[in-house]
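Please keep the sequence and the 3D view at hand.

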Amino acid sequence: VGLEDKHSGVVDLILKKSFIFEGEKGEDIVEGEVPADMMEMVEEKRAEMIERLANVDEEIEEIFLMEEEPTEEQLKAAIRRQTVACKFVPVFMGSAFKNKGVQKLLDGVLDYLPQPT
């Protein structure tokens, strides 16, 4: 949400929610709806993400071919499976300079990467 000095948050394509980082160091996270002016792009990018995931994951492929909408749990499980298999790479955006998006990146590390054991 916003670019360069107007960057204030991120949109999660899986959840279809925005996360605005407030406070001096982005420590206060406000979860909300996707801004109306971004909704069309979010829908387009989410559909692209699901299609690309369907190219490498059989469960999502079946859902995609049946023209159904995968659940949040199905998407997260498929992203994890294919990330561990080195067939899909989740991408996160933010700004380490003002701690905007770092929290969501760390959540992604827990959700999608293998445990270091």
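Helix α3 (residues 72-84) packs against helix α4 (residues 102-112) at an angle of about 75 degrees. Their axes are 9 Å apart. Angles of 65 to 115 degrees count as roughly perpendicular, and α3 and α4 are therefore roughly perpendicular to each other. The model is predicted.

Which residues make the contact between α3 and α4? From α3 come Lys76, Ile79, Arg80, Thr83 and Val84. They meet Leu110, Asp111 and Tyr112 in α4. By class, the contact residues comprise 4 nonpolar, 1 polar and 3 charged.

Next comes the sheet. It is open and has 3 strands, in the order β1-β2-β3. Pairing is antiparallel. β1 and β3 are the edge strands, and each pairs on one side only. On average, neighbouring strands of the sheet are turned by 20 degrees against each other, direction ignored.

| Strand | Residues |
|---|---|
| β1 | residues 9-12 |
| β2 | residues 17-22 |
| β3 | residues 28-32 |

β2 and β3 are joined by 5 bridges, in the antiparallel sense. In this pairing, Ile20 stands opposite Val30 in β3. Strands of a sheet pair through backbone hydrogen bonds.

How does the sheet relate to the helices?

Note on methods: Residues are numbered from 1 along each chain as its sequence is written. This is a predicted model: local features need pLDDT of at least 70, side-chain atom pairs count only at pLDDT 80 or more; totals for chains, interfaces and linings use all residues. Side-chain values use heavy atoms; hydrogens and water are left out. Axes are lines fitted to C-alpha atoms, for helices over the stretch in contact, and angles run from 0 to 180 degrees between N-to-C directions. Helices (H or I, at least four residues) and strands (E, at least two) are DSSP runs, numbered from the N terminus. Angles under 35 degrees count as roughly parallel, over 145 as roughly antiparallel, 65 to 115 as roughly perpendicular and the rest as oblique. Contact means heavy atoms within 4.5 Å. Ala, Val, Leu, Ile, Met, Phe, Trp, Tyr, Cys and Pro count as nonpolar, Asp, Glu, Lys and Arg as charged, and the others, Gly among them, as polar. Two strands pair if DSSP finds at least two bridges between them.
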